[in-house]
Amino acid sequence: MEVDGGAVRRNLELVRSHVGAGARVVPIVKCDGYGLGAGLVVEALAPARPFAYGVATVDEGRALRALGVRVPVMVLCPAPPGDLPRMARARLVPTISDLESLGVLANAALHAKGRAPLLFQLEIDTGMGRSGFVLSGAAQWWPEVRRAVASPGLRLLGVFTHLHSADEADLGSARRQIERFDDFVASVEGIPSDALLHVANSAAALRLDLGAANAVRPGIFLYGGSVGHGAPTPETVAALRARVVMVREAVPGATVGYGATYRARGRERWATVAIGYGDGLPRELGNRGWALLRGRRSPIVGRISMDTTVVRVAAEVAVGDPATFLGGDGGGEIALGEVAELADTVAHQVLTGLSARLPRIPMEQCR
C-alpha cells in the first residue's frame, strides 16, 4: 500500500484554512493512523505543527511517545480506571467521563509529586449516548469536577463532545448538539479560559458553524475520505496495489472462486492477483468490485479469497503487472468512497481494515 504523506498534510491545511487560523487542530491518528501507519502520518503532519494528536487507547498514545511525539496526546475514548496511572506515567491526556475515573486520576496526581500537573479532558454527552458526563446530572457532578480542576495536581486541558450525525444531509441534530454543548460551557463556572473546547470531527469542521469551540479534531478527511454534501473534496492519500501472479484463459462455462459464484459467459482471460481479504481487501467486493490494470477498469470475478483475487482482464495483461484496487493508475481512479459503497460500509472501515500483512510505503518511494 502506498501512502501519500504530502496529501495527508495538504488535507489538514485545507481543514485549517476552512476553520481559520484561530482554531487549534488536533489530527486523529488512532488505529495506526486510520490503517495507513501512524509513523508515516505523524511524520507527514509534523511540519504543519498540530497542537496535539488524538488516539483511542493508552497503547496507541505510548506508541506516539515512542515515535518522539512531544505535543499533547489525547486519549479520546474512556479507559478502564486501571489504565489511568499508565497514562499519567506516559504524560498522556485521558478522557474523563465519570467521577470514579476522576478520583483515580486525582490519586495518580498525588503520586506524581514535583512533576507538572496531569492534563485531562472532560467529555460531555450531548446525544451520542456511548460515553461522557450526562448533561441532566451536571448539578451533581460538576462541583466534583470543579474541585478537581482547582487542585494543584490536575489541569483541565479541554472539554468536548462527539456529534453523531455531522455527515448527514440533515444537520439539524448536529446543530442541536452544538447548542447543548455551548449552553453547558456558558452555564458553569470553573472552566479555564485557555481550555480547548471541541465538538468537530472532519464533517463538522467543514460543514458547520462551531459555536463556542476553539479546536477541531479531523480524522477521515485527512486520509482521503469524503465527509458529506457541500464539503470540499480531499486529496487521495492511499493506493492499494498487488501483482498479477497468474493469467489463464477461461473457456465458456468455467467457474472461479469458492462457491463457484461466477461462470464465464464466453472465452475470457482471468488474472489472479496476490491480495485477498486477509490483506484487508473487503470480501464484499467479490463479483461487484473493480481493479485497474494498465489503466483499464477490470471487474473482480468470483469471491475474494483470503490470499488471492481474480479479475477479468484484457489480452495485454501479464504476470507481474500491478493491479490497483484503491487509488489511481494510468488516468483512472478507484475512489475510497466508491470502494466503501460497493462493500456496503464506510471509508473508515475500508482503511482501518487493511491488515498488517500489507507494507506501508511512502508514495514518493514508489515513483
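Hi everyone, a definition to begin: a residue is called buried under 20% relative accessible area, exposed over 50%, and partly exposed in between, with a 1.4 Å probe and protein chains only. What we have here is a predicted model, where local features need pLDDT of at least 70, side-chain atom pairs count only at pLDDT 80 or more, and totals for chains, interfaces and linings use all residues. Residues are numbered from 1 along each chain as its sequence is written, and side-chain values use heavy atoms, with hydrogens and water left out.

Let me start with the aromatic residues. Rings of Phe, Tyr and Trp (the six-membered ring for Trp) pair if their centres lie within 6.5 Å; planes under 30 degrees apart are stacked, over 60 edge-to-face, and the rest tilted. By that rule the structure holds 6 aromatic pairs. One of them joins Trp142 and Phe184, edge-to-face, at 5.8 Å centre to centre with 90° between the planes. Why does this pair tie together parts that are 42 residues apart in sequence? Because Trp142 lies in helix α7 (residues 138-150), while Phe184 lies in helix α8 (residues 172-187). Helices here are DSSP runs of H or I, at least four residues, and strands are runs of E, at least two, numbered from the N terminus. Trp142 is buried at 6% relative accessibility, and Phe184 is buried too, at 4%. Ring pairs also link Phe133, Trp141, Trp142 and Phe184 into a cluster.

Phe184 comes back when we turn to the nonpolar cores. A nonpolar core is a set of buried Ala, Val, Leu, Ile, Met, Phe, Trp, Tyr and Cys residues joined through side-chain atoms within 4.5 Å. The largest has 116 residues, and Leu122, Phe184 and Phe325 have the most contacts inside it. Helix α7 gives the most to this core, with 6 residues. Apart from this core lies another, of 8 residues, including Val256 and Trp270. If we take contact as heavy atoms within 4.5 Å, Phe184 touches Ile124, Leu135, Ala138, Trp141, Trp142, Val159 and Ile191, leaving out residues up to four places away in sequence.

Now for strand β6, residues 118-125. Is β6 enclosed or open? Since 7 of its 8 residues are buried, β6 is largely enclosed by the rest of the structure. Two strands pair if DSSP finds at least two bridges between them. Strand β8 (residues 154-160) pairs with β6 in the parallel sense over 6 bridges, and there Glu123 stands opposite Phe160. Strand β5 (residues 95-96) is also parallel to β6, over 2 bridges, with Ile96 partnered by Leu122. β7 likewise pairs with β6 in the parallel sense over 2 bridges, and Asp125 stands opposite Val134.

Ser131, in the loop between β6 and β7, makes a side-chain polar contact with the side chain of Glu123 at 3.0 Å. A polar contact is a pair of N or O atoms within 3.5 Å; within protein, one must be able to donate a hydrogen and the other to accept it, and residues adjacent in sequence count only if both atoms are side-chain atoms. Ser131 counts as buried, at 14% relative accessibility. Among the residues that Ser131 touches are Pro78 and Ser97.

That is my tour, and I am happy to take questions.
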